[in-house]
Amino acid sequence: MKQRGPGGDRPLTRQPGAGEGAGARSEPAPARPKIDKASANDRALDSIIAADKRQALELAPVSRETEDRLDRYIALLREWQAKTNLVAPSTLPQLWTRHIADSLQLVDLAPSARRWADLGSGGGFPGVVLACVMAGRPDARVHLVERIAKKAAFLREAIRVTTSPGVVHLAEIGDNVDRITGPVDCVTARALAPLHQLIGFAEPLMRQGAKALFPKGQDVEAELTEAAKYWNIQPQLHQSRTGDGWIVELTSVERRG
């Protein structure tokens, strides 16, 4: 039944209230908080690296002072990694075990060495790590030879930030003898070249009394076989603590023919 309005037979109609009808505005939905994916990823990586650090320092313990220097080094490396490729990105979660501990183990194989030469230092492994360990030791010095200017700049900043006894030489690897002054106790190189070429780079320093420590992978036997074609060597092999690789120790070398 139609209800009459006060003025006649027109049915009563309901007037739209506030917020209703064609001209009404709906309340905006509350904004969802934005998630910074980059920050979330950084926090996740921080957690992974912290766990990896604990594992690395169990494999290769260091003093609190050395640990502090290594922390500063890693922070700097992560900052520079965004603009300069210092390490393979896939190895960032294992920075401590794959790179730091792998470098630290060299110190135990040359405990009396104070003066080191690292050929092709790249991102600072093992050169900057060795310099962090050598800090505070009498007559300590680590020579870092790097041919790429951007990486050499990073190495200089790493030495400054860690207050470590390192000297960076921007030079071709084969020019290291002319640039390194003073005695060297131990020469090393990591992921630089095949063993027979490394021996050629290190031989002038070894002739002056340095011994060599070269980290190598699982194919070390093939590299030794190839090196023996060019050099008379009596290598001593040490199994790596951080993986399936080996460290080749050489105390003397002599070129064949």
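**A colleague's note on this predicted model**

1. Let's start with Pro126, which you'll find in the loop between strand 3 (115-119) and helix 4 (127-134). Keep in mind as you look that this is a predicted model. The peptide bond joining Phe125 to Pro126 is cis, with omega about 5°. Worth a second look, because most peptide bonds are trans.

2. Next, go to Thr188, which belongs to strand 6 (residues 186-188). Is Thr188 buried or exposed? Thr188 counts as buried, because its relative accessibility is 0% and the cut-off for buried is under 20%. Setting aside neighbours within four places in sequence, its contacts include Leu106, Trp116, Ala117, Asp118 and Leu119. Pro126, the residue from point 1, is also in contact with Thr188. Leu213, Phe214 and Pro215 are among the other contacts of Thr188.

3. Leu70 is another one to click on. Leu70 sits in helix 2 (residues 64-81), and with a relative accessible area of 0% it is buried. Which residues does Leu70 touch, not counting those up to four places away in sequence? The answer is Val62, Trp96, Ile100, Leu104, Val129 and Cys132. Try the distance to Val133 too: Leu70 and Val133 are 63 residues apart in sequence, and their C-alpha atoms are 8.9 Å apart in space.

4. Asp139 isn't a glycine, yet its phi is positive, about 60°. Asp139 is in the loop between helix 4 and strand 4 (141-146). Ala191 isn't a glycine either and has a positive phi of about 55°; its place is the loop between strand 6 and helix 7 (195-207). Why flag these? Because most residues other than glycine have a negative phi. Asp139 is exposed, at 64% relative accessible area, and Ala191 counts as exposed at 79% relative accessibility.

5. On to charges. Side chains of opposite charge can pair when their charged atoms come close. How many salt bridges are there? The count comes to 13. One of them is between the side chains of Lys53 and Glu67, at 2.9 Å from N to O. Lys53 lies in helix 1 (residues 37-59) and Glu67 in helix 2, so this pair ties together parts that are 14 residues apart in sequence. Lys53 is buried, with 17% relative accessible area, and Glu67 counts as buried at 14% relative accessibility.

6. Lys211 and Glu249 make another pair: their side chains meet in a salt bridge at 3.0 Å, N to O. Lys211 is buried, with a relative accessible area of 19%. Glu249 is buried as well, with 11%.

7. One more pair, then a network. Glu223 and Lys216 form a salt bridge whose closest N and O atoms are 3.1 Å apart. Are these residues buried or exposed? Both Glu223 and Lys216 are buried. Finally, go back to Lys53 and Glu67 from point 5: salt bridges that share partners join Lys53, Arg64, Glu67, Asp68 and Asp71 into one network.

Technical notes: Residues are numbered from 1 along each chain as its sequence is written. This is a predicted model: local features need pLDDT of at least 70, side-chain atom pairs count only at pLDDT 80 or more; totals for chains, interfaces and linings use all residues. Side-chain values use heavy atoms; hydrogens and water are left out. Helices (H or I, at least four residues) and strands (E, at least two) are DSSP runs, numbered from the N terminus. Buried means under 20% relative accessible area, exposed over 50%, partly exposed in between (1.4 Å probe, protein chains only). Contact means heavy atoms within 4.5 Å. A salt bridge is a side-chain nitrogen of Lys or Arg within 4 Å of a carboxyl oxygen of Asp or Glu.
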